[in-house]
Amino acid sequence: MIPYQYVTLRVVPRVDREEFINVGVVLFADAVDYLAAGFHLDADRLRAFSPGVDLEAIADSLTVVEDVCRGVTGRGRPSLSSPGRRFGWLAAPRSTMVQPGPRHGGLTDDPAAALDQLLTCLVRPATLGHA
């Protein structure tokens, strides 16, 4: 089993209200140098939650997260040599509209599958079904 850490990315339109909607997950597995992020932006839900929310700014912030995961530097992105240092930068608290939640951990045989499962559990809208 491969240990991993993850943070949930949250949109916090008004920091003073401390209300948020989960929009992504960043997962880091040091043993296999895996660092990746996944997102799901539900524009209707975000607009209902916060009319006038800047969806383009949110998407731009998430693009930066993806770039940092891949080690892309420049244009305001940090120059960090290892996936662990990049995860630390991404997981650091900040008071912007897109914020990381607390760090959590787990074990998996497949970090990419764990990322997808976390996205399903924590970010993607629940599907209503009848048995």
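The model is predicted. Helix α4 comprises 12 residues (111–122) and spans 16 Å between its first and last C-alpha, close to the 16 Å expected at 1.5 Å a residue. Its buried residues are Pro-111, Ala-114, Leu-115, Leu-118 and Leu-119. Viewed down the axis of α4, these buried residues lie within an arc of 140° and therefore line one face of the helix. An α-helix has 3.6 residues a turn, so residues three or four places apart point the same way. The elements covering the buried residues of α4 include strands β1 (2–11), β2, β3 (34–39) and β5 (104–108). At the N-terminal end, α4 is capped by Asp-110, with a side-chain oxygen 3.1 Å from the backbone nitrogen of Ala-112.

The aromatic pairs number 2. Tyr-4 and Tyr-6 form a tilted pair, with 6.3 Å from centre to centre and 40° between the planes. Tyr-4 counts as buried because its relative accessibility is 12%, under the 20% limit. Tyr-6 is likewise buried, at a relative accessible area of 11%. In the pair of Phe-28 and Phe-87, the ring centres are 5.5 Å apart and the planes meet at 20°, so this pair is stacked. Because Phe-28 belongs to strand β2 (residues 21–29) and Phe-87 to helix α3 (residues 83–91), the pair ties together parts 59 residues apart in sequence. Phe-28 and Phe-87 are both buried.

Arginine side chains also lie over aromatic rings. The charged end of Arg-10 sits over the ring of Phe-20, at 3.9 Å from its centre. Arg-94 is placed over the face of Trp-89, 4.8 Å from the ring centre.

Notes
Residues are numbered from 1 along each chain as its sequence is written. This is a predicted model: local features need pLDDT of at least 70, side-chain atom pairs count only at pLDDT 80 or more; totals for chains, interfaces and linings use all residues. Side-chain values use heavy atoms; hydrogens and water are left out. Rings of Phe, Tyr and Trp (its six-membered ring) pair if their centres lie within 6.5 Å; planes under 30 degrees apart count as stacked, over 60 as edge-to-face and the rest as tilted. Buried means under 20% relative accessible area, exposed over 50%, partly exposed in between (1.4 Å probe, protein chains only). Helices (H or I, at least four residues) and strands (E, at least two) are DSSP runs, numbered from the N terminus. A charge sits over a ring if NZ of Lys or CZ of Arg is within 6 Å of the ring centre and within 35 degrees of the ring normal. The expected span of a helix is 1.5 Å times one less than its number of residues. The arc is that of the directions from the helix axis to the C-beta atoms. Contact means heavy atoms within 4.5 Å. A polar contact is a pair of N or O atoms within 3.5 Å; within protein, one must be able to donate a hydrogen and the other to accept it, and residues adjacent in sequence count only if both atoms are side-chain atoms.
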